[in-house]
Every structure is written in C-alpha cells, then in structure tokens.
Amino acid sequence: MLSVTRIGPRAFPIARVSLRAFASSARSPLSNIAELSKARLSSLVVLTTSCGFLSAGLPLYVSVPTLVGASVGTALCASSAGTINQVLEVDRDRKMKRTRHRPLPSGDVSISQASMLAAATGTLGGTVLYLTTDPLTTMLGVGNIALYAPIYTLSKQSTEWNTWVGAVVGAIPPVMGWTASGGSLMDPECLFLGSSLFLWQFPHFFALSWMHRKDYAQGGFQMVPVNDPTGERTASLISRYSIYLSALPIASTIIGMTNPMFAVEGCLLNGYLLYKSRKFQQDKSNQNARKIFLTSLWYLPCLLGLFILHNKNWDDEEREGVLTEKVKMMKEKGLEYCFHEKVDAKDLCPVPHSKEGSSKKDEKEVTK
C-alpha cells in the first residue's frame, strides 16, 4: 500500500517547482510586457502624475487632453525605465527568489526583445509628452528614464545612497503633472508634491527592503537593511522620514496653500504612520515592517487626495467646470462628517457651515 506521507510532503516541493515552471512558460506576451514594464509601478506613476495635474484646479473640459497625454506619456517612460532596469539586472535577478521568475531570468523573453521594448516605449513616451504637454515636462520624463536606468539601477550595486537616488526618481512624476498643467517648478504646490513623494519612499522602501534583506544580499545589492544586522539604522531612517512627512500638511496650511483641515487630517494620517514606525523600532520583525509597507500603500493616495480636495486652487470663483463642481460637492458632503457642525470651529474647516449648523449658531447667539 502506498504511504500517504511518502507522496504528500515530499512530493509537494517538486509540484511547486513544476507549477512555477509551467506558469512561467505559459505567460502570454502581454503578461511578459506588463512584467517587464513593471505595470504596478507604472500605475503608481500615473496616479501621482494625475494628482499633480489635478492640483492645479483647471476646468475639466480644457484639461482632459493634456491630462491624458501627460499620464500616458509618463507611464510609457516609466515602462521604458523599468524594462532597462531588468535588462541591466538580469544576472542578479536570477539569484533572488522574488525576481528569478521574471521574463528575462526565466528565458521567456530575450535581452534583445526587451531592449526593443524599452526603446519603443521610451521613444513613444517622449513623443506623446512633447505633442500633448510642453518641453519642460518632456525633458523631465525623458530625463527620468536616464536617472532610473542606468544611474539608479547601477548605484544599487555599489552604494546605499541608491535609495535616495530612487526617491528623486519617484518624486518627478507628480512634478511632471504640475508642470503639464502650466505650473512652475518653483510653485509651492510643485514643491509640496515633489517633497511628499520623495519623503514617502523612505518608510515605504526601507520597510520593503527589510522584509527582503536576505534576498537583496543574495543578489548583491547595497541596501541599508542588507548592511544593518540589528535594524537600528533602518528603524531610525523610517522614523525620521515619517516625522519629516508629518510636517508637510502643517507647512502647506501655514503658507496658505491648503485649508486648515488638511493639517488636521494630515496629522491623523501621519500619526498612524508614526505609530507603526514606533512599533517597528520596538520590535524589528518582518511582520512590523510589513505593516509599515501596507500602511504606506494607502497613505499616499489618501494624502494626495486630501491635498487635491483642500487645495485652495479649487476655491477660485473664475474656475468653472464639471470637475470643479464635483470637488465642491465633495466638500459639501464632508459637512455630514465634520466636527464643526457640532462645535464652533468655523476657522478650521475648508467648507462653509451648513444652513442647519448656521441656524444652530444663530440660535445660540440669540439665547446669549
């Protein structure tokens, strides 16, 4: 009689390897392109570029073609950079568990095919940006390809400062969105957007690289967690940049760029991130690092969404359009959840008191 224990546990590792090999060989061309282009990273790039553009508060009917062009062009440039990154790192990717099944290490795609894809997407991305936006945005998009690959990619092999270089790369897409809307690099909104993405990447990436520090070491990458056996430096950097992030909503309110409620909501967001950072300092486990990483995934869209909502560009009476009206409706909807309907906190709120709230205040004053 065949033993269950003989065909069970011992057979499972072989089955897993066979399934992985089958999945790799069964990938469609579109799946390979998405993997080479780092589709999830490109989607984040599109999100941040769009947020940068929408922060300007332009009328929707005027801005849609430029918004689409900026988003598509930036995504294509990001695709090109991601593909070049994998071409340059193919040998190192073969050594890492999390990357050895990518199209190049697995042999599904040749280096020449990947190089042609990178050239095509880079050329098309630069062309789309040039035709739909402006020379500055185009220069930023094409320049970011060079900054990501080869500069950032090659620096990962030689210095821990690669994370700071990569943070600059990630900070450029929202800046491109802002310049595509007609803004300047020195506008406070542009500085806020770029700073937010730059600082956000440190808690995000240091948490990720701590979880995969053994894998990065196997690939020969010079990451802070790889050279930090105790985790003290990693935890310190995560906490430090989380604190820096906390200052941005307050600073944007002080200079009058956003309504005061953005500072209040920003403090709540950053308070939770700081709490998770503190937990990691106390216990440098993969589990706590993963919690920081997962927090960073919803933190960024929340922060950017609130920035768009509370940005004073939407309060300009001369700006009309469908999108402007939608933002105003969202602000009015916020009245249902805002504490200023129950307390006298009018100066803290980005939207006017509702009629009900105003009548209650008037009634209170009459009673006095």
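In the predicted model, Lys 38 is buried, with a relative accessible area of 18%, because that value falls under the 20% limit for burial. The residue is placed in the loop that joins α3 (29-36) to α4 (39-54), and its phi is near 50°, a positive value in a residue other than glycine. Most residues other than glycine have a negative phi, and most peptide bonds are trans. A cis peptide bond is found from Ala 149 to Pro 150, where omega is near 20°, and Pro 150 itself is placed in helix α9 (residues 135-155).

With regard to overall architecture, the protein has 17 helices and zero strands. Of its 368 residues, 49% count as buried, and the protein exposes about 18,800 Å², of which carbon and sulfur atoms supply 63%. Among contacts between residues at least 6 apart in sequence, 71% join residues at least 24 apart.

The unreviewed UniProt entry lists residues 41-62, 68-88, 109-130, 136-154, 161-179, 191-211, 243-272 and 292-309 under "transmembrane region". Residues 136-154 are 100% helix and 0% strand in the model, with the end C-alpha atoms lying 26 Å apart. For residues 161-179, the chain is 95% helix and 0% strand, and the end C-alpha atoms are 28 Å apart.

Aromatic residues were then examined across the whole structure, and the search finds 16 aromatic pairs. In one of them, the ring centres of Tyr 216 and Phe 221 are 6.0 Å apart and the ring planes stand at 80°, so the pair is edge-to-face. Both partners are in the buried class, Tyr 216 having a relative accessible area of 5% and Phe 221 having a relative accessibility of 2%. A further edge-to-face pair is made by Tyr 241 and Tyr 244, because their planes are at 85°, with the ring centres 5.3 Å apart. These two tyrosines both lie in helix α13 (residues 232-254), where a separation of three residues corresponds to about one turn of the helix. Their accessibilities place them in separate classes, since Tyr 241 is buried, with a relative accessible area of 9%, whereas Tyr 244 is partly exposed, with a relative accessible area of 39%. Tyr 241 and Tyr 244 also belong to a cluster in which ring pairs link them with Trp 161, Trp 164, Phe 198, Phe 202 and Phe 206.

Charged side chains are also found over aromatic rings. Lys 156 lies over the face of Phe 221, at 4.8 Å from the ring centre, and Phe 221 is the residue that forms the edge-to-face pair with Tyr 216 described above. In a second case, the charged end of Arg 213 sits over the ring of Trp 210, at 3.9 Å from its centre.

Two residues of helix α11 (residues 188-211), Ser 196 and His 204, were considered in more detail. Ser 196 counts as buried, at 0% relative accessibility, and, when neighbours within four places in sequence are left aside, this serine is in contact with Leu 245, Leu 248 and Leu 303. His 204 also counts as buried, at 14% relative accessibility, and, with neighbours within four places in sequence again left aside, this histidine is in contact with Phe 293, Ser 296 and Leu 297. Although His 204 and Ser 242 are 38 residues apart in sequence, the distance between them in space is 9.9 Å, C-alpha to C-alpha.

Finally, the cysteines were considered. A disulfide is a covalent bond between the sulfur atoms of two cysteines, and the structure holds zero disulfides. Cys 190 counts as buried, at 3% relative accessibility, while Cys 267 is partly exposed, with a relative accessible area of 40%.

Key: Residues numbered from 1 in each chain as written. Predicted model: local features only at pLDDT ≥ 70, side-chain atom pairs only at ≥ 80, totals over all residues. Heavy atoms only, no water. Phe/Tyr/Trp six-rings, centres within 6.5 Å; stacked < 30°, edge-to-face > 60°. Buried < 20%, exposed > 50% of the residue type's maximum accessible area, 1.4 Å probe, protein only. Helix = DSSP H or I, 4+ residues; strand = E, 2+ residues; numbered from the N terminus. Lys NZ or Arg CZ within 6 Å of the ring centre and 35° of its normal. Contact = heavy atoms within 4.5 Å. Areas by Shrake-Rupley, 256 points an atom, 1.4 Å probe, with all protein chains shown as cover. Disulfide = S-S within 2.5 Å. UniProt positions renumbered as here; feature names shortened; annotations may be inferred.
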